[in-house]
Amino acid sequence: MKISLGPLLYCWKKPQVMDFYQRVAHSPIPLVYLGEAVCSRRRELKFGDYLALASMLKQAGKQVVLSTLALLEAPSEYNELKKQVENGEFIIEANDVAAVQQAKALGLPFVCGPSINNYNLASLTRLHGWGMQRFVMPLELSRSWLVKVMEAAGGKLPFEIEVFGHGHMPLAHSARCFTARHMGLHKDQCNIVCLSHPQGLLAQTQEAQPLLRLNGIQTQSAACVDLSAEIADMHSLGVDYFRVSPSDLGSIETASLLTQGQPLPKPEMPCNGYWHDAPGMVSC
């Protein structure tokens with residue numbers, strides 16, 4: 001099973017992003033997702049910057065996928081989406097059905113991202129007929145769900161499967177920006193405040209226990225999902241890619257260690273419940 005590096009879900013300054021992917025280019029990671037998947041107001045990098053990074057990574061021997069927004073709210077965002085789909089060189093990760101529709105209309109292949117709700121073989125078969133080459137499981141789905149889908153398909157699926165295996169889980173997206181609201185700002189005049197929180201804002205319970213991370217319009221888990229112990233089992237089930245979602249430079253080392261088949265140190269707050277049919281925040 002191969003290791004992938006998911007799109008950077010946090011808002012970093014452009015020099016940090018460029019340095020990050022320069023380091024990725026010199027790593028053994030085979031598959032890299034690029035692009036803004038959370039908020040269109042994060043304008044540190046333009047579409048041309050992402051294309052330049054994609055070309056650089058491709059020259060370094062990486063397979064590159066351009067990730068799209070998970071929540072489209074304006075015509076301008078749809079126009080940007082069309083540019084991504086029509087880039088002419090790189091496959092896209094569709095994180096909104098609008099991206100699926102655009103790729104289907106142009107007869108282009110795509111990866112179906114984890115923010116698109118796919119819960120049965122019928123919907124997956126339909127998407128494959130429209131051009132889906134790889135399916136990233138929604139985070140709340142489990143090993144037993146995948147086994148049932150594989151059995152219903154006769155033990156073999158005609159597309160690749162990817163699992164979100166390490167990182168802070170994106171649990172929900174909203175039209176509201178929780179980071180801006182927390183800082184007393186309106187979403188339309190947020191001053192890109194997310195730049196001040198490069199790993200999101202930690203939200204705690206009344207008992208001061210970490211619960212969630214606020215990442216702009218995205219809500220993440222405070223705990224870090226770690227399914228690295230399940231890699232061998234996933235491979236036996238037919239999973240093709242194990243995704244590491246980056247949060248800092250250390251994520252490159254994490255993905256590199258997994259690519260080389262080496263064990264990982266345990267995260268400070270690990271969780272793996274969803275994979276085991278349990279509440280997502282627990283560690284089984």
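Residues are numbered from 1 along each chain as its sequence is written. Because the model is predicted, local features need pLDDT of at least 70 and side-chain atom pairs count only at pLDDT 80 or more, while totals for chains, interfaces and linings use all residues, and side-chain values use heavy atoms, with hydrogens and water left out.

I begin with the alanines. Ala54 belongs to helix α2, residues 47–59; helices here are DSSP runs of H or I with at least four residues, strands are runs of E with at least two, and both are numbered from the N terminus. Is Ala54 buried or exposed? Its relative accessible area is 0%, so Ala54 is buried. The cut-offs are under 20% relative accessible area for buried and over 50% for exposed, with partly exposed in between, using a 1.4 Å probe and protein chains only. Setting aside residues up to four places away in sequence, Ala54 touches Leu34, Val64, Leu66 and Phe90, where contact means heavy atoms within 4.5 Å.

Ala232, in turn, sits in helix α8, residues 231–237. Ala232 has 60% relative accessibility and therefore counts as exposed.

With a relative accessibility of 5%, Ser142 counts as buried. Its side chain makes a polar contact of 2.9 Å with the side chain of Ser144. A polar atom of that Ser142 side chain also lies 3.2 Å from the backbone nitrogen of Trp145. A polar contact is a pair of N or O atoms within 3.5 Å; within protein, one must be able to donate a hydrogen and the other to accept it, and residues adjacent in sequence count only if both atoms are side-chain atoms. Beyond its neighbours within four places in sequence, Ser142 contacts Met137, Tyr274, Trp275 and Asp277.

Which residues of α6 are buried? They are Trp145, Leu146, Val149 and Met150. These residues cover an arc of only 135° around the axis, which places them on the same side of α6; the arc is that of the directions from the helix axis to the C-beta atoms. An α-helix has 3.6 residues a turn, so residues three or four places apart point the same way. The buried residues of α6 pack against α5 (121–130), β6, β7 (160–173) and α8. Lys148, Glu151 and Ala152 are exposed on the other side of α6. Just after α6, Gly154 adopts a positive phi of about 80°.
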